[in-house]
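Have the sequence and the 3D view open side by side while you read this.

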Amino acid sequence: MSKNITGGCFCGEVRYEITGDPVLQLLCFCKDCLSITGTDGYAGYMVKNSDFQKTSGKPTVHKKISKEGRTVNRNFCGVCGSNLWGETEFGLISVTAGSLDDANLFQPTKKVFTQDTPHWARIPDDLEEM
């Protein structure tokens with residue numbers, strides 16, 4: 001990666017920086033992600049914990065246990081409500097791709113939980129199913 005990646009919430013209260021390359025870029029269609037985004041899926045830009053740093057603001061954190069039994073601490077802006085990132089049990093931060101300052105950096109290669117999608121979901125055919 002040639003430069004650090006930055007991002008943050010809609011109102012600018014919470015900001016972050018990513019210093020390493022993504023480990024994985026995916027679209028998730030699980031029920032939790034449908035609920036958290038309010039649309040047909042979640043665009044996850046996954047990075048190592050060590051490559052992620054909050055640079056300003058204090059996010060509101062909501063702990064959620066998925067139906068698979070995994071804990072994710074979801075971080076939102078407490079002012080504007082933007083969904084920003086999730087802290088996973090796998091040592092990865094799942095950054096909401098739409099919160100990147102340059103959302104075009106998100107280039108998904110995988111998709112997960114497509115069996116959970118509503119009939120109106122837009123599921124790309126060219127992504128590998130995990």
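A pocket here is an open set of grid points with protein on both sides within 12 Å along at least five of seven lines, and a lining residue has an atom within 4 Å of one of those points. Keep in mind that this is a predicted model.

## The largest pocket

With that definition in hand, let's look inside. The largest pocket holds about 510 Å³ of space. Its lining is made of 23 residues, and the ones nearest the centre are Cys-28, Met-46, Val-72, Thr-88 and Phe-113. If you sort the lining by class, you get 14 nonpolar residues, four polar ones and five charged ones.

Which element gives the largest share of the lining? That's strand 3, with three residues. At least two residues each come from strand 3 (24-28), helix 1 (31-37), strand 4 (42-48), strand 6 (60-65), strand 7 (71-76) and strand 9 (92-96).

Eight of them form an open sheet with mixed pairing, and the order is 6-7-8-9-4-3-10-11. Strand 6 and strand 11 are the edges, each pairing on one side only. Further in, strand 3 and strand 10 run parallel and are joined by three bridges. To find one of these spots, look for Leu-26, whose bridge partner in strand 10 is Lys-110.

## The hairpin and its neighbour

Strand 1 (residues 5-8) and strand 2 run antiparallel, with four bridges joining them. These two strands make a hairpin with six residues between them, and Gly-12 in the turn has a positive phi of about 90 degrees. Gly-8 has Arg-15 as its bridge partner in strand 2.

Strand 2 also runs antiparallel to strand 5 (residues 52-56), again with four bridges. Over there, Glu-17 stands opposite Gln-53.

## Salt bridges

How many salt bridges does a search of the whole structure find? It finds four. Here are some of them, with the distance between nitrogen and oxygen:

| Pair | N to O distance |
|---|---|
| Asp-32 and Lys-64 | 3.8 Å |
| Arg-122 and Asp-40 | 2.9 Å |
| Glu-128 and Lys-110 | 2.8 Å |

Take the pair Asp-32 and Lys-64, which meet in a salt bridge. Asp-32 belongs to helix 1 and Lys-64 to strand 6, so this pair ties together parts that are 32 residues apart in sequence. Lys-64 is partly exposed, at 33% relative accessible area.

Next, Arg-122 forms a salt bridge with Asp-40. Arg-122 sits in the loop between strand 10 (110-112) and strand 11 (128-129), and Asp-40 in the loop between helix 1 and strand 4, so the pair ties together parts that are 82 residues apart in sequence.

Glu-128 counts as partly exposed, at 47% relative accessibility.

## Two residues worth a click

You'll find Phe-113 in the loop between strand 10 and strand 11. Its phi is positive, about 55 degrees, although Phe-113 is not a glycine. Most residues other than glycine have a negative phi. Phe-113 counts as partly exposed, with 22% relative accessibility; the cut-off for buried is under 20%.

Finish with Asn-75 in strand 7. Asn-75 is buried, with a relative accessible area of 2%. What does its side chain reach at 3.1 Å? The backbone oxygen of Asn-73. A polar contact of 3.3 Å also joins the side chains of Asn-75 and Glu-87.

Key
Residues are numbered from 1 along each chain as its sequence is written. This is a predicted model: local features need pLDDT of at least 70, side-chain atom pairs count only at pLDDT 80 or more; totals for chains, interfaces and linings use all residues. Side-chain values use heavy atoms; hydrogens and water are left out. On a 1 Å grid over the protein atoms alone, a cavity is a set of points where a 1.4 Å probe fits but cannot get out, and a pocket is an open set with protein on both sides within 12 Å along at least five of seven lines; lining residues have an atom within 4 Å of a point. Grid points are joined across faces, edges and corners, and a volume is the space filled by probe spheres set on the points. Ala, Val, Leu, Ile, Met, Phe, Trp, Tyr, Cys and Pro count as nonpolar, Asp, Glu, Lys and Arg as charged, and the others, Gly among them, as polar. Two strands pair if DSSP finds at least two bridges between them. A salt bridge is a side-chain nitrogen of Lys or Arg within 4 Å of a carboxyl oxygen of Asp or Glu. Buried means under 20% relative accessible area, exposed over 50%, partly exposed in between (1.4 Å probe, protein chains only). A polar contact is a pair of N or O atoms within 3.5 Å; within protein, one must be able to donate a hydrogen and the other to accept it, and residues adjacent in sequence count only if both atoms are side-chain atoms.
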